[in-house]
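Please read them alongside the coordinates.

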Amino acid sequence: MDIPAEAWFKKYQWHPEWYDFDQEKIVEFLQKCKEHKNPEIIYREAVTQFFILKDDEAANNFRVAAKAGHMESSYIVGLLGLVNPTEGEQDAMEWLCHLSKTKQIDMQACRASFFNRPMRYTISSVVTPSTLAKFTAPTTFFLTCVNCDGNREWFFKFQWGWEGNYSDTVSTWNCCESCKWKRELYCFECKLRRETCWI
C-alpha cells in the first residue's frame, strides 16, 4: 500500500545527517517532494527560513503552501496578515473566519503543532525580538473585543496586562469568530514572547 507523502513527513525530517539507515533513500524521497512542490515540504522550509534563518522572503513560501491547502501555513499567513496587512486587515480576518467555517481549521492544534516544529530543528531559542514584533499587534487592534459579550472579561484582563490570567484553550471561548482570531493572535504572541531570546 502506498503511503502518502504527508505521512512520511511526520516521521522523517529534512536533516540527512540524522540518519544512518536508508539515508540516501530518505533524502531522495524528500528531494522529490520538494521538486514536486509538495506543500508540507514548502511549509517546513519556510519555518526554517523565516524563524531560524530570519529570511522575511520566506513568508511567500507560507502563502504558496497555504494556497495549496496546507492548514498550518494558512494559520501563519492569516496571523501575519492581521498584524502586517498588505491588502487590509479586514481581508485577513475574513479569510481566517472563512477557513474556520469551511475548512474547520483548528487554531489551537495549529498553534501547538507550530511550536513543536522549531524544537525539532534546534535546542536553542529561535525567536528574536524582531520576529516577535511581526506577530505583535498594537493595543488598539483589540479594542473592538470589548463589544463582544463573550470576550469582554478577557479584554479587560488584556488591557491591564494580566498576561497570566487568560485561557489559551479555544474550546472555552464563547466570543464571536472575529474576536476568537484576535485572541488567538494574542495567545500566539504570548507563546512567542516566552520563547524569545533577548539579545
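**Notes on the predicted model**

1. Gln104 is placed in the loop between α6 (89-103) and α7 (107-121). The model is a predicted one. Gln104 is not a glycine, yet its phi is positive, at about 55°. Most residues other than glycine have a negative phi. With a relative accessible area of 60%, Gln104 counts as exposed, because the threshold for that class is over 50%.

2. On the overall make-up, the protein has 10 helices and zero strands. The order of elements from the N terminus is accordingly α-α-α-α-α-α-α-α-α-α. Of the 199 residues in the protein, 45% are buried. Taking contacts between residues at least 6 apart in sequence, 67% join residues at least 24 apart.

3. Helix α3 covers residues 39-52, and its 14 residues should span 20 Å at 1.5 Å a residue. The C-alpha atoms at its ends are 19 Å apart, which agrees with that expectation. At the start of α3, the backbone nitrogen of Glu40 has a side-chain oxygen of Asn38 within 2.9 Å. Lys54 follows α3 and has a positive phi, near 60°.

4. How much of α3 is buried? The count is 11 of its 14 residues, so the helix is largely enclosed by the rest of the structure. Among the buried residues are Pro39, Glu40, Arg44 and Glu45, together with Ile41, Ile42 and Val47. Tyr43, Phe50 and Phe51 of α3 are also buried.

5. Ala58 belongs to the loop between α3 and α4 (59-67). Its relative accessible area is 1%, so Ala58 is buried, the limit being under 20%. Beyond its neighbours within four places in sequence, Ala58 is in contact with Ala46, Gln49 and Phe50. Ala58 and Ile42 are 16 residues apart along the chain, and their C-alpha atoms are separated by 9.6 Å.

6. Helix α5 (residues 71-83) can be checked for length in the same manner. Its 13 residues should span 18 Å at 1.5 Å a residue, and the end C-alpha atoms are 19 Å apart, which agrees. α5 is mostly covered, with 12 of its 13 residues buried. The buried set includes Glu72, Ser73 and Ser74, as well as Tyr75, Gly78 and Gly81.

7. Turning to aromatic residues, 21 aromatic pairs are found in the whole structure. In the pair of Phe50 and Phe51, the ring centres are 4.9 Å apart and the planes stand at 70°, so this is an edge-to-face arrangement. Both Phe50 and Phe51 are buried. Trp154 and Tyr186 also form an edge-to-face pair, because their planes are at 70°, with the centres 5.5 Å apart. This second pair links distant parts of the chain, 32 residues apart: Trp154 is in helix α9 (residues 152-159) and Tyr186 in helix α10 (residues 177-195). Trp154 counts as buried at 4% relative accessibility, and Tyr186 does at 6%.

8. Which residues do ring pairs link into a cluster? They are Tyr43, Phe50, Phe51, Phe62, Tyr75, Phe114, Phe115, Phe135, Trp181 and Phe188. Phe115, one of these, has the charged end of Lys191 over its ring, 5.6 Å from the centre.

9. Lys182 is part of helix α10. Is this lysine buried or exposed? Lys182 has a relative accessible area of 5%, so it is buried. Its charged end sits over the ring of Phe141, at 4.6 Å from the ring centre. The side chain of Lys182 also reaches the backbone oxygen of Phe141, at 2.7 Å.

10. Finally, the cysteines. The number of disulfides is zero, the criterion being a pair of cysteine sulfur atoms within 2.5 Å. Cys97 is in no disulfide, and the nearest cysteine sulfur, which belongs to Cys176, is 7.8 Å away. Cys110 has a relative accessible area of 6% and is therefore buried.

Note on methods. Residues are numbered from 1 along each chain as its sequence is written. This is a predicted model: local features need pLDDT of at least 70, side-chain atom pairs count only at pLDDT 80 or more; totals for chains, interfaces and linings use all residues. Side-chain values use heavy atoms; hydrogens and water are left out. Helices (H or I, at least four residues) and strands (E, at least two) are DSSP runs, numbered from the N terminus. The expected span of a helix is 1.5 Å times one less than its number of residues. Buried means under 20% relative accessible area, exposed over 50%, partly exposed in between (1.4 Å probe, protein chains only). A polar contact is a pair of N or O atoms within 3.5 Å; within protein, one must be able to donate a hydrogen and the other to accept it, and residues adjacent in sequence count only if both atoms are side-chain atoms. Rings of Phe, Tyr and Trp (its six-membered ring) pair if their centres lie within 6.5 Å; planes under 30 degrees apart count as stacked, over 60 as edge-to-face and the rest as tilted. A charge sits over a ring if NZ of Lys or CZ of Arg is within 6 Å of the ring centre and within 35 degrees of the ring normal. Contact means heavy atoms within 4.5 Å.
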